[in-house]
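Here's a quick briefing for anyone meeting this protein for the first time. Have a look at the model, then read on.

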Amino acid sequence: MSGSSSRSSRFGASRMSFGKIDHPLGSRAAIDLAHKHVKSKNRSAPKSDNVYLLLLVKLFRFLARRTDSNFNKVVLKRLYMSRVNRPPVSLSRLASLTRNISGNTAVVIGTITDDERMEVVPKLSVAALHVTKGARARILNAGGEILTLDQLALRAPTGSNCVLLRGKRSAREAVKHFGRAPGTPNSHTKPYVRSKGRKFERARGRRASRGYKN
């Protein structure tokens with residue numbers, strides 16, 4: 001009995017003393033510090049099998065590793081992105097963003113599209129993954145230049161005199177349908193309806209006399 005009591009008291013004392021010790025990790029002692037089950041959600045390569053895109057990735061992966069420029073790291077990350085995350089940039093948006101930036105090359109990791117509403121296109125120096133036929137003709141007719149990304153890497157391997165631009169990701173039609181359910185109070189989400197007219201979704205939530213109006 002004496003041996004068992006001394007053993008229990010010894011273990012009890014050890015437990016008590018361990019509870020008083022300040023662990024160096026504090027309350028984080030139960031976290032998996034080996035990160036065995038942590039998976040990075042960021043892409044490390046593009047999903048596309050396009051050989052030209054893969055060659056650009058190879059080029060900018062080298063530049064990001066061998067230069068101290070953050071520009072190349074950002075370009076590489078954007079080359080990994082899906083098309084949804086590489087929205088197009090119109091000529092009008094490009095002109096407005098580069099209005100106060102003279103002598104620099106506008107770099108778009110995506111598509112540059114034409115804007116028929118724009119009458120006069122200024123002289124631009126752009127580098128992009130893709131430029132539409134109409135936008136290409138208007139930029140060149142205005143005395144501008146269009147570079148591919150590999151030509152840009154030869155001219156400015158560290159991104160000097162370059163401005164990275166990108167389009168608005170929330171401009172897609174699908175994004176208008178995201179959010180709180182259509183018809184609920186304070187919701188501005190676009191509903192999926194067959195048509196827009198007198199007979200379609202004009203009752204509750206659309207008239208004050210039918211519950212409430214958004």
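What pattern does the protein follow, read along the sequence? The pattern is α-α-α-β-α-β-β-α-β-α-β. This is a predicted model, where local features need pLDDT of at least 70, side-chain atom pairs count only at pLDDT 80 or more, and totals for chains, interfaces and linings use all residues. Residues are numbered from 1 along each chain as its sequence is written, and side-chain values use heavy atoms, with hydrogens and water left out.

**Overall build**
- The protein has six helices and five strands, taken as DSSP runs numbered from the N terminus (helices H or I, at least four residues; strands E, at least two).
- Its accessible surface is about 15600 Å², with 53% belonging to carbon and sulfur atoms (Shrake-Rupley method, 1.4 Å probe).
- Of the 214 residues, 29% are buried, meaning under 20% relative accessible area (1.4 Å probe, protein chains only).

**The largest nonpolar core**
- A nonpolar core is a set of buried Ala, Val, Leu, Ile, Met, Phe, Trp, Tyr and Cys residues joined through side-chain atoms within 4.5 Å.
- The largest one holds 20 residues, and Phe60, Leu79, Val107, Leu149 and Leu152 touch the most other members.
- At least two residues each come from α2 (51–66), α3 (70–80), β2 (105–113) and α6 (149–155), with α2 giving the largest share, six residues.
- Apart from this core lies another, of 18 residues, including Ala95, Val108, Met118 and Val126.

**Contacts**
- Leaving aside residues up to four places away in sequence, Leu79 touches Pro46, Leu53, Leu56, Val57, Phe60, Ile109, Leu129 and Leu149 (contact means heavy atoms within 4.5 Å).
- Among contacts between residues at least 6 apart in sequence, 44% join residues at least 24 apart.

Key
Buried < 20%, exposed > 50% of the residue type's maximum accessible area, 1.4 Å probe, protein only.
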